[in-house]
Structures are given as structure tokens and as C-alpha cells.
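Here's a quick briefing to read alongside the model. Keep the 3D view open and click along as you go.

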Amino acid sequence: MTAPTVFVLSGPNLNRLGTREPQVYGSDTLDDVHAAVQREARDLGLVADCRQTNHEGELVDWLHEAVDVGADVVLNPGAFTHYSYAVRDACAIVTTSGRSLVEVHLSNPATREEFRHTSVVAGVATGTIAGFGLQSYLLGLRALV
């Protein structure tokens, strides 16, 4: 039997991890995150399909693809968290199709600027994990199993 695939999706500016505000996001690069996710997924009997985009429409397309292939999702929507109703609606398509979607954040948005306190994704996500750096992604994977 083939291991289930999980889409691990990261939104805008996450390709700059390691150099972008390391005091907030840490020193791990996105490659570090993806390597840790791959190891954790393998240990959990999953296959992780890791992707990053700075483009809203591409992220929406990937969420649709997750539904089409029957994959659960670990999603760090980045700044789209706070205002993208297109991403929110695509996330709702995932969860209303019977799949799980875990929203993750490296930092804790509730302790940051006020505009970051609202997540338009949280209301349609299966759950949210925030504030644990790279571990947020791994906890998101664990939540799926």
C-alpha cells in the first residue's frame, strides 16, 4: 500500500527564511524546514509534497489539487493568513471535502502586530499551530495522524 501524501504548502516570503527577520522567524531556511518535514513524514508513514509560492493564485490551485488527489494539507499561508479570502475559500473546499487542513505559523501571530491577530483561514482549518518555529510544521504533520 502506498503511503498517504500530505501537501505541505508555504506562502509568500517563506522562501526568505534564514535571512528574513531571524529574530522573529529563526535561522532555519525553507530547505531546512522541508528536510525536517520529509524526515518527520517518513517516520509517520506519510509522503510530504513540499511547495512554496509567493503567488496567491498558485496557492489556491495547489489547495484545489489537494482535494482532487485526496491529500491532507499543512499550510503556512504567510501574509495571506490575514486578508486572502481566496485562500480562505480554497481551504474551506479542502475541509468540506472531508480532508484535514492544519494551519501553521513559525511565529505566534497573536503576540505580534495587531493586523496579524486575525486569521481568515482559522475558521475553516481543522486546527492551527503557531509559535514553535520549524516545529510548527512537524506538529502539523503529527496532528494529521
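Let's start with Leu 106, which sits in the loop between strand 4 and strand 5. Strands here are DSSP runs of E with at least two residues, helices are runs of H or I with at least four, and both are numbered from the N terminus. This is a predicted model, where local features need pLDDT of at least 70 and side-chain atom pairs count only at pLDDT 80 or more, while totals for chains, interfaces and linings use all residues. Residues are numbered from 1 along each chain as its sequence is written, and side-chain values use heavy atoms, with hydrogens and water left out.

- Leu 106 is buried, because its relative accessible area is 8%; buried means under 20%, exposed over 50%, and partly exposed in between, using a 1.4 Å probe and protein chains only.
- Ser 107 is found in the loop between strand 4 and strand 5 too, and at 10% relative accessibility Ser 107 counts as buried.
- In an unreviewed entry, UniProt puts a "binding site" feature at Asn 76, His 82, Asp 89, Leu 106, Ser 107 and Arg 116.
- Those positions spread over 41 residues of sequence, and in space they reach up to 23.5 Å between C-alpha atoms.
- UniProt positions follow the numbering used here, with shortened feature names, and annotations may be inferred rather than shown by experiment.

- The unreviewed UniProt entry places an "active site" feature at Tyr 25 and His 105.
- His 105 belongs to strand 4 (residues 101–105), and its 8% relative accessibility is why His 105 counts as buried.
- Leaving out residues up to four places away in sequence, His 105 touches Asn 76, Thr 81, Phe 132 and Ser 136, among others; contact means heavy atoms within 4.5 Å.
- The side chains of His 105 and Glu 103 are joined by a polar contact of 2.7 Å (a pair of N or O atoms within 3.5 Å; within protein, one must be able to donate a hydrogen and the other to accept it, and residues adjacent in sequence count only if both atoms are side-chain atoms).
- Ser 136 is in helix 5, and Ser 136 is buried, with a relative accessible area of 0%.

- Five strands form an open sheet in the order 2-1-3-4-5, with parallel pairing; two strands pair if DSSP finds at least two bridges between them.
- Strand 2 (47–52) and strand 5 (127–130) are at the edges with a single partner strand each, so one side of each has no neighbour in the sheet.
- Strand 4 and strand 5 pair in the parallel sense over four bridges, and Glu 103 stands opposite Thr 128 in strand 5.

**The nonpolar cores**
- Which residues touch the most other members of the largest nonpolar core? Out of its 22 residues, they are Val 6, Val 8, Val 33, Val 37, Val 74, Tyr 137 and Leu 141.
- A nonpolar core is a set of buried Ala, Val, Leu, Ile, Met, Phe, Trp, Tyr and Cys residues joined through side-chain atoms within 4.5 Å.
- Helix 2 gives the largest share of this core, five residues.
- Val 37 touches Val 8, Ala 48, Cys 50, Tyr 137, Leu 138 and Leu 141, not counting residues up to four places away in sequence.
- Apart from this core lies another, of 21 residues, including Leu 9, Cys 91, Ala 92 and Val 94.
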